[in-house]
Amino acid sequence: MSVGEARRARLAEPWESARFRRLRVAELFLSLQGEGSRAGLPTVFLRLTGCALRCRWCDTSWAFREGTWRTLDELRGAIAAYGVPRLCLTGGEPLLQPSFAPLVRRLLADGFDVAVETGGDRNIDDVPEGAARIVDVKLPGSRMDGRMDAANLARLRSGDEVKFVVSGRADYERAREIARGPLAAFRGEILFGAVHGELAPADLAEWILEDRLPARMQLQMHKLLWPGEERGV
């Protein structure tokens, strides 16, 4: 069996055989969703360890390597114990660990609303049907735009969301080009946010209004509510 075939087998593994598999977890916590269409809603966050990208402004770089191994069965119970039927799977880059897929399928079957945040350099078709994919499309200011899997824009579904993190005018113009081009027919959410400490949110809002851009302006709620805190928020 090739490496690719083995990965696909693990992604598709049924729960009864996958439940004792493990994920390396950076943190698991309850907070308010700070971004996207679910902003403000109480949400359980499962942050997985590891990422192949190195965005210039990453605020979770500690999660590149820190983490503990936990079984899928253990995680299912720990997530349910919060009493909130909403999960955000994030990172790092959760799609790097194939065992995320059987856990997502099980939580969907349990009635959870599941959103998976991804940096966009992995094939988002690996995310099980029924979960929302929140795809961070990298712009030049991140210095990671060349690492994007461009085909992901054609893989989007109506329940997905696309996020642009904008550091300045050049980033905005590139995001506008994508929004009006490859994403012109996309029926999900298109989100624009400013890099914290680099671009004034009011400037980004003004550009969106000037261009009548069909995008949702967003602020990072957790940074307003808990300034200076990087973990557990």
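Is Leu 28 buried or exposed? Leu 28 is buried, at a relative accessible area of 16% (buried is under 20%, exposed over 50%, partly exposed in between, using a 1.4 Å probe and protein chains only). Keep in mind that this is a predicted model, where local features need pLDDT of at least 70, side-chain atom pairs count only at pLDDT 80 or more, and totals for chains, interfaces and linings use all residues. Residues are numbered from 1 along each chain as its sequence is written, and side-chain values use heavy atoms, with hydrogens and water left out.

Leu 28 sits in strand S1 (residues 22-32); strands (E, at least two residues) and helices (H or I, at least four) are DSSP runs numbered from the N terminus. Leaving aside neighbours within four places in sequence, Leu 28 is in contact with residues including Phe 45, Leu 75, Ala 78 and Ile 79 (contact means heavy atoms within 4.5 Å). Phe 45 is 17 residues away in sequence, yet 5.6 Å away C-alpha to C-alpha.

Now look at helix H3 (residues 72-80), where Leu 72, Leu 75, Ala 78 and Ile 79 are buried. These residues cover an arc of only 125° around the axis, so they lie on the same side of H3 (the arc is that of the directions from the helix axis to the C-beta atoms). Their cover includes S1, strand S2 (42-48) and helix H4 (100-109).
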